[in-house]
Amino acid sequence: MNEGIEKLSPVVRLFLTQQMFEPLLREKSTSGGADLRFSTEMISFAADSGGVTALVRNTETGQKTIIRAQYMVACDGSRSTVRKDLGIQMKGHGVLSHSLTIYFNMDVGKYVKGKYNGVIYVNNPTVRGFFRLDKSGREGFLVVNTAGEQGSKESRYPADDITDERAAELLHAAIGADVDFKITLIAKWQAVCDVAEKYVDPTGRILLAGDSAHTVTPHGGFGGNTGVHDAHNLAWKLALVLNGKAGRELVTETYEQERRPIGRKTVAQVFERYIKRTAPEFAG
């Protein structure tokens, strides 16, 4: 998995599921002083030259709180309400498919023993997508981008009429062998390759990062990584500005200048992989 990586990077690659990673991230965040509020929604926000005021509500207790900050980073995902409220449009290829992810428990270790298969692509007359398995080969997930007659309009929307029975059919067709499995979760999502027209609002106080700034399919593993790059670019700049060691221009100008071109390039790279590996009917 890491052969040759030492020549390119001081760190090594590690496959970590979201279920494993998020508790670690939460622990690290709270130990560093972060105030994490779950079961909380932002009702409204307003930016001015001095900062941002937001009204949030605890969805369990109904208690409302006003938060005032110098900056707000919108990391509210591909369907970002902050981006929409700011009137920032997305540009790119739009919705490619209504995809789904099928999480399962299944013993397929014998098929991958002695191999490192980070991603296993599937492309047959029934289903197109890819597997990711844990090291033991006993659990993982199948991403389904298209299903049925390849190139047909219906094939692009496998998530629309998904049932447990249909998910089992797709999973069986993707495995290609008679193996017992248990489906633990079915998640629906839209495959999109778009980038925001702007990363910074006119006041310079609201900044888009992660999926709200650039939305891509999982092909190539660019989504989370590009979001981490956004956060890294912003973190040290905000720290210098908030500590009075740099002017606001360090954030309001250089963040978008440096990160939006990367967002555009990432969208292009992911779209090319989506076509080549999953949906060649989109070529051209």
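Predicted model: local features only at pLDDT ≥ 70, side-chain atom pairs only at ≥ 80, totals over all residues.
Colleague: Which residue stands opposite Ala 47 in S2?
Modeller: Val 52 does. Residues are numbered from 1 along each chain as its sequence is written, and side-chain values use heavy atoms, with hydrogens and water left out.

Colleague: How many bridges join S1 to S2?
Modeller: 8, and S1 and S2 (residues 51–58) run antiparallel. Two strands pair if DSSP finds at least two bridges between them.

Colleague: And what is the strand order in that open sheet of 3 strands?
Modeller: S1-S2-S3, with antiparallel pairing. Strands S1 (40–48) and S3 (64–69) are the edges, each pairing on one side only.

Colleague: Where is Ser 39?
Modeller: Ser 39 sits in the loop between helix H1 (18–31) and S1. A helix is a DSSP run of H or I with at least four residues. Ser 39 is not a glycine, yet its phi is positive, about 50°.

Colleague: New topic. What order do the strands take in the open sheet of 6?
Modeller: S6-S7-S8-S5-S9-S11, with antiparallel pairing. S6 (120–123) and S11 (214–215) each have a single partner strand, so one side of each lacks a neighbour in the sheet.

Colleague: What is the bridge partner of Asn 105 in S8?
Modeller: Glu 139. In total, 6 bridges join S5 (residues 90–106) to S8 (residues 139–147), and the two run antiparallel.
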